[in-house]
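Hello,

Here is the structure I promised to pass on to you. Have a look at it first, and then read on for what turned up in it.

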Amino acid sequence: MDLDVFVSAHRAEWDRLDALLRRRRRLTGPETDELVALYQRTATHLSLIQSSAPDPQLTGRLSQLVARARSVVTGTRRASWRDVTRFLTRQFPAAVYRARHWWVPTALLSTAVAALLGWWIGTHPEVQSTIAAPSQLRELTRPGGQYETYYSSNPAASFAAQVWTNNAWAAALCLILGVFLGLPVIWILFQNMLNLGVGFGLMSSAGRLDTFLGLVLPHGLLELTAVFVAAGTGLRLGWTLIDPGPRTRRIALAEEGRAALGMAVGLALVLFVSGAIEGFVTPSGLPTWARITIGVVAELAFLAYVYVLGGRAARAGDTGDVEAAERSATVPTAA
């Protein structure tokens, strides 16, 4: 493409679009039609320049022009309770449902790794000795020891807030760092499974596995599910870079990235629930069966939410991405 010839041929159209956008008075019907047509042509011109003869100064000018025109053509839009309802009943559960082929295997494999680590630590005293001194291990695992008092070490509200913040941050990291081919996600996930395996192994070697499960299961079922969803989604985002499918790599990454960011908000709400259970239910005086039942009910409710609402929304075409009107305009890349 001869950029000078292209600019000379279309400069008048860009100037006319700029003039229409600067109008203080309301545009007439014909002027509005003209503005829409010029916006569409200018967007196409911008795409052609970006793909064939990128020029930073010209690209910057046309990008601003297209953005201004798009705000006039599509109008400004404010978030409303309708958006919140749509996100909670369609977008978020659909995104989790669509990612199930990633996070379900992630959950199964991670649980197996944690169980294997727990068995290895619990049956090998020499491994336990590398974790801490025998006196420290006894202090950790004895009745009333640190494993039990951990959940009541702070006031319930502040403890729940701290747990929620830490877990939400870990989930967000899994979603964000997935773009690096998923490698940081695997490391974060392994660290979580290692911590779980250490507790499992040490408490089982002390003959107190039932106590450990009674402390972990009430909040851990929902908490770990949220972590697995975040990790699986992060891994899928990393795989998108390798195999974007029929979409271009940029479009695929943008679509999956927007869905992942939305999922971070939804998972923060899920982790808020698990944090509240960990802060108020886990250290409570309720019988073990009652605490575990609360955790199981919360987990089943989330899975039903994903597979019923999410499955229905996904089958209706919802991908978890933002609505089409809120995405960047897609324009042709060739004349």
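**Helix 2 against helix 3**

Let me start with a pair of helices. On the helix 2 side, Leu-35, Val-36, Tyr-39, Thr-42, Ala-43, Leu-46, Ile-49 and Gln-50 are in contact with helix 3, where the partners are Leu-58, Thr-59, Leu-62, Ser-63, Leu-65, Val-66, Ala-69, Arg-70, Val-72 and Val-73. By class, the residues of this contact of helix 2 with helix 3 are 13 nonpolar, four polar and one charged. Please keep in mind throughout that this is a predicted model.

Two packed helices are described by the angle between their axes and the distance between the axes. For helix 2 and helix 3 (residues 56-74), the angle is about 150° and the axes are 9 Å apart. The two helices make a left-handed crossing.

Thr-42 is found in helix 2, and with a relative accessible area of 1% it is buried. Leaving out residues up to four places away in sequence, Thr-42 touches Trp-14, Leu-17, Leu-62, Leu-65 and Val-66. Arg-41 also belongs to helix 2, which covers residues 29-52. Arg-41, however, has 38% relative accessibility and so counts as partly exposed.

**Helix 13 and its two partners**

Next, please find helix 13 (residues 288-315) and helix 4 (residues 81-98), whose axes come within 7 Å and cross at roughly 95°. How do helix 4 and helix 13 lie relative to each other, roughly parallel or roughly perpendicular? An angle from 65 to 115 degrees counts as roughly perpendicular, and helix 4 and helix 13 are therefore roughly perpendicular to each other.

The contact between them involves a number of residues. From helix 4 come Leu-88, Thr-89, Arg-90, Phe-92, Pro-93, Ala-94, Val-96, Tyr-97 and Arg-98, and from helix 13 come Phe-302, Tyr-305, Val-306, Tyr-307, Leu-309, Gly-310, Gly-311, Ala-313, Ala-314 and Arg-315. Sorted by class, the contact of helix 4 with helix 13 has 13 nonpolar, three polar and three charged residues.

Helix 5 (residues 100-122) is another partner: its axis and that of helix 13 come within 13 Å and cross at roughly 155°. Angles over 145 degrees count as roughly antiparallel, so helix 5 and helix 13 are roughly antiparallel to each other. The crossing of helix 5 with helix 13 is left-handed. Arg-100, Trp-103 and Val-104 of helix 5 make the contact with Leu-303, Val-306 and Tyr-307 of helix 13. In this contact of helix 5 with helix 13, five residues are nonpolar, none is polar and one is charged.

**Spans from the UniProt record**

The unreviewed UniProt entry carries the annotation "transmembrane region" for residues 102-121, 168-189, 221-239, 259-277 and 289-308.

Leu-221 sits in helix 11, which covers residues 209-242. A relative accessible area of 28% makes Leu-221 partly exposed. Apart from its neighbours within four places in sequence, Leu-221 is in contact with Val-216, Gly-295, Val-296 and Glu-299. The C-alpha atoms of Leu-221 and Leu-261 are separated by 23 Å, the two being 40 residues apart along the chain.

**Two single residues**

Which residue lies in the loop between helix 9 (156-177) and helix 10 (183-205)? One answer is Leu-181. Most residues other than glycine have a negative phi. Leu-181 has a positive phi, near 60°. At 49% relative accessibility, Leu-181 counts as partly exposed.

Finally, Ser-135 is part of helix 7 (residues 134-141). With 45% relative accessibility, Ser-135 also counts as partly exposed. From Ser-135 to Leu-300 the C-alpha distance is 40 Å, and the two are 165 residues apart in sequence.

Methods. Residues numbered from 1 in each chain as written. Predicted model: local features only at pLDDT ≥ 70, side-chain atom pairs only at ≥ 80, totals over all residues. Heavy atoms only, no water. Axes fitted to C-alpha atoms, helices over the stretch in contact; angles between N-to-C directions. Helix = DSSP H or I, 4+ residues; strand = E, 2+ residues; numbered from the N terminus. Parallel < 35°, antiparallel > 145°, perpendicular 65-115°, else oblique. Contact = heavy atoms within 4.5 Å. Nonpolar A, V, L, I, M, F, W, Y, C, P; charged D, E, K, R; others polar. UniProt positions renumbered as here; feature names shortened; annotations may be inferred. Buried < 20%, exposed > 50% of the residue type's maximum accessible area, 1.4 Å probe, protein only. Left-handed = near helix turned anticlockwise from the far one by under 90°.
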